[in-house]
There are 2 protein chains.
Amino acid sequence: MHGLMQDKPLLISSLIEHAAAFHPETEIVTKTVEGPIHRSNYRELRDRSRRVANALTTLGVDFQDRVGTLAWNTHRHYELYFGVSGSGAILHTVNPRLFPEQLTYIINHAEDKVLFFDITFAGLVEQLAPQLKTVEAFIAMTDRDHMPEVNLPNLHCYEDLVEAASEEYQWPEFDERTASSLCYTSGTTGNPKGVLYGHRSTVLHSLMQVAPDAFEISSRTTMLLIVPMFHANAWGVPYSAPMVGAKMVLPGPHLDGENVYKLMKEESVSFSMAVPTVWLMLFQYLDAHPDASLDRLSLTGVGVGGSAPPIAMIERFRKSGIDMVQGWGMTETSPLGVINKPLPKHDSLSDEDKAKLKTKAGRGIWGVEIKIVNDDGERLPWDGKTSGHFYVKGPWIASGYYRQEGGSKLDSEGFFPTGDIGTIDPDGYLQLVDRSKDVIKSGGEWISSIELENAAASHPQVAEAAVIGIAHPKWQERPLLIVVLKDNATIDKEDLMEFLEEQVAKWWLPDDILFVDELPHTATGKLLKTKLREEFGDFKPVTTG
Amino acid sequence: MHGLMQDKPLLISSLIEHAAAFHPETEIVTKTVEGPIHRSNYRELRDRSRRVANALTTLGVDFQDRVGTLAWNTHRHYELYFGVSGSGAILHTVNPRLFPEQLTYIINHAEDKVLFFDITFAGLVEQLAPQLKTVEAFIAMTDRDHMPEVNLPNLHCYEDLVEAASEEYQWPEFDERTASSLCYTSGTTGNPKGVLYGHRSTVLHSLMQVAPDAFEISSRTTMLLIVPMFHANAWGVPYSAPMVGAKMVLPGPHLDGENVYKLMKEESVSFSMAVPTVWLMLFQYLDAHPDASLDRLSLTGVGVGGSAPPIAMIERFRKSGIDMVQGWGMTETSPLGVINKPLPKHDSLSDEDKAKLKTKAGRGIWGVEIKIVNDDGERLPWDGKTSGHFYVKGPWIASGYYRQEGGSKLDSEGFFPTGDIGTIDPDGYLQLVDRSKDVIKSGGEWISSIELENAAASHPQVAEAAVIGIAHPKWQERPLLIVVLKDNATIDKEDLMEFLEEQVAKWWLPDDILFVDELPHTATGKLLKTKLREEFGDFKPVTTG
Ligand SMILES: Nc1ncnc2c1ncn2[C@@H]1O[C@H](COP(=O)(O)OP(=O)(O)OP(=O)(O)O)[C@@H](O)[C@H]1O
Ligand SMILES: Nc1ncnc2c1ncn2[C@@H]1O[C@H](COP(=O)(O)OP(=O)(O)OP(=O)(O)O)[C@@H](O)[C@H]1O
Ligand SMILES: [Mg+2]
Ligand SMILES: [Mg+2]
């Protein structure tokens, strides 16, 4: 017997329609690609999204066709978020920072029918175009005055298209499990894989995200959206903000410390999310500009994820009354999986212990079941010590990859293997230990490459550190430390090894240390260990015993 | 094409399992029917709910059978919330304050297979039993020592049942649209009608409810649940609290001002919800006990709904730093439909204007579409002035009543008619004007019975006031005011009429005023106007012009 409740599907179009009805004048502020500040609001965003939906029909885009974007966080990209998914097509946000070969691979793999791009990427798109097998039209996301001079077949001007389209549009109603958007993983561990989101998963993720125990987003929030809209749905914020009518500030391509600071100040931003690198860039700006200060901002909280923030970052924000909230997630988890909000029992902790707690990835939120398991798939205890493979299950967690690449990924209990390794403490907080591909298996025991990197990076003369496993006849694998020193550094291998001896267990000490000028990174700024393993995997350390 | 997201149904069992996993030691405190305080936690609640599920099988309860409860807010009732719905049966919470004939009607109409009752109601159940056609077993919700001496067939002791049942239980997985619980409306406008909730609607309602723009419930909340668990899912709190791990305080039958105050004080309650009557009882207690004070409580907010709170109530809470949040809802809306949270633009209002804003029923929340329409079903403007029939649409709004009583209730756009009349302002705030059955249609214009009642009740010598429409040869209908005076009141009809002349438009003045000793109320304390119309509907006023 079914309950006698209305059978209303959870659709992305309902988010923007809600905002337009109840928060019509709440602002969407963009620092545009072209330069100036652009001011819009939810009513206009809704009206123009409807126009986009009509324009897509003109372009020949059908139900569930893929629509590619190579674009920054702007009002136009935002219009595509609703216009494309709302009309039943699939928004494929492509990360423009990937290598050209990856871009070609991804766009062809997704079979994008049309491609929207910011003028920043005009040259890139011109270069890619001959290899793109399915793209029938290219749309430059600008107005007539700023159209790039490029040689592209079937090139359109975004503003002309939107202008020409009617504002009259009725969002279609369909099964809430219908695909809404597509995003490929960062490619840290191999080729990017396509994650296909649905309307249902997106709406449920938004409902969870606004909760006080998550990112606490409301009509009172002014959100600076730094996380790129081409990266895992910009952590879901483009959907959750209209759900509650939060004011939105979009930085376009202007992600440097100065612009982030100025936007925060001028728009009275109260909350923002970004990867640690962006916060470091903000700190660098602050350090170089004594008149600028966190204390002058209206910021009350920041979110961080993608990789672990150093404790000093958490502390620096805290000293200005800004609460740093860590989250763990993957493209495959929409992306929020666990979020680090303290419990009432933590109120009595010292400031130092509170900051330490905040270095953990986060605690389970309703909707995501979590577990850690051993190599045989058996559940491990939540004691905060035992580490295992981290698995997740829930309505906004992937079941597999686009075009069934690799088949179903779920275990017999329906859990998704994250590829991360962690511990879970008795309160359900996950502490990330390493990626399973990066952890060093030394004589049956695990050495965390991340912990070793952090230990090395805590030396004042070290700029960046990477640890990979190298083959060892007796221990199977042993750690190799690869280090970039700061300018004017004076230490040598022995100095650093001595320093490490005080930080980690003796058997964790790297078998050798190499000094390099630069480390390879992914498009999202993560260490590209696949590359390091290619280059240094066969390295034979002099010290191997 | 479906998204490649996991197909995990939204089930009520996931709420308690989440709380047991991530908030196992968070307390559930009950002031029991038997008297003493009982302390439990989410782990125990989960364990005992599983036992209840097993016990139901022993009692012969099958999938989707109805399980009736006549019970207060206690840990045992809470165990039934999860044990019954989680196992796939339907929890039918019956309002014990209804008249015996209504109770018999409802329990037979729902075809309850078993009936759980608090010992308070032992005599009542004994009296009803011979008329109950489908109930095969009666369970007294107490331990062996407190078993009532009643003559009931197949009578069980709750604690014995739970004790005997195994703790091993795997919650079944089924379609999220499966019915989970059943509740009949209050019977204000006629016979109570059955509203059948589903797992999906309940979980979505919970997600919405915890949001900062709704009741802002988190792991930091200590919630005193005053709204009865037999009344519209206790406004959803029993489900949303475990979703976030809020501490729960259950008052049992002890709803008087003294007990409410003491529970708040002793358990450091931070939030609570109730109808205005309960808050008035609290105020009466405070007035009589100068050593007690709102300022001594940890309370930061209170919710109110069911009927409109007077502005003085909002003000009194505000003066102690307690934010009163009004919500509008019906049994048919799970029950939250609109919630009154201020927008950033209201920050600059004076305290007085802020309180005035708070007298409105509330603003639209994501998930509930709202509209007001005229008699022809045409949409009316959101100008805060035009009043019309209030309609709602959303995944936790009823589509009809149990056993299809009255058929589908939805209009051509899929909206549910609430039977309420209101205005909506440009920001989407609903102001309730009246019930459509109570509004007085005078010469094609509407007179709000509620506003007239409030005007009369604002006279210091008036204890309570009711307004009904009486037939009029020229104006079709005219208002009749029926008043209960306070002890030692000295005013007469003329005095009150003069007072009213200063409060309302001349054509709103009642055609006559009657003084009575008492007004009839429903089981939930609302004015029973059906009864008044029966009694006074044919009244011929002396002053009719
Ligand atoms: N708070 C965090 N702390 C540490 N690492 C994190 C955190 N949040 C995310 N990560 C890392 O980021 C990963 C998810 O990143 P993303 O989905 O962008 O692609 P990727 O895993 O880097 O690339 P690919 O899957 O293509 O190799 C997680 O699996 C985890 O390793
Ligand atoms: N904030 C509020 N202000 C004024 N009235 C309210 C408010 N909230 C709810 N109500 C009234 O309560 C009604 C819902 O009450 P409920 O579902 O308990 O049963 P009922 O409508 O009183 O009874 P029945 O439908 O059986 O006649 C709403 O339709 C509305 O008239
Ligand atoms: Mg990955
Ligand atoms: Mg009703």
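**Figure 1. Ligand 2 sits between two domains of chain B.** Domain 1 (13-197) and domain 2 (362-435) of chain B each give residues to the shell around ligand 2, so the ligand lies between them. Domain bounds come from an automatic or database domain assignment. This is a predicted model: local features need pLDDT of at least 70, side-chain atom pairs count only at pLDDT 80 or more, and totals for chains, interfaces and linings use all residues. Residues are numbered from 1 along each chain as its sequence is written, chains are lettered from A and ligands numbered from 1 in the order in which they are written, and side-chain values use heavy atoms, with hydrogens and water left out.

**Figure 2. The shell around ligand 2.** The ligand is surrounded by 21 residues (near: a heavy atom within 4 Å). The closest are B:Thr185, B:Ser186, B:Gly187, B:Thr188 and B:Thr189. By class, the shell holds 12 polar, 5 charged and 4 nonpolar residues. Here Ala, Val, Leu, Ile, Met, Phe, Trp, Tyr, Cys and Pro count as nonpolar, Asp, Glu, Lys and Arg as charged, and the others, Gly among them, as polar. β14(B) supplies the largest share, 4 residues.

**Figure 3. Polar contacts of ligand 2.** A polar contact is a pair of N or O atoms within 3.5 Å; within protein, one must be able to donate a hydrogen and the other to accept it, and residues adjacent in sequence count only if both atoms are side-chain atoms. B:Thr188 places a polar side-chain atom 2.4 Å from an oxygen atom of ligand 2. For B:Lys193, a polar side-chain atom lies 3.4 Å from a ligand oxygen atom. A polar backbone atom of B:Gly327 is 2.9 Å from a nitrogen atom of ligand 2. Taken alone, ligand 2 exposes 630 Å², and the protein buries 96% of that (Shrake-Rupley method, 1.4 Å probe).

Figure 4. B:Thr134 counts as partly exposed because its relative accessibility is 24% (buried is under 20%, exposed over 50%, partly exposed in between; 1.4 Å probe, protein chains only). Leaving out residues up to four places away in sequence, B:Thr134 touches B:Ile107, B:Asn108, B:Glu111, B:Asp112 and B:Lys113 (contact: heavy atoms within 4.5 Å). A polar side-chain atom of B:Thr134 lies 2.7 Å from the backbone oxygen of B:Asp112.

Terms used:
Helices (H or I, at least four residues) and strands (E, at least two) are DSSP runs, numbered from the N terminus.
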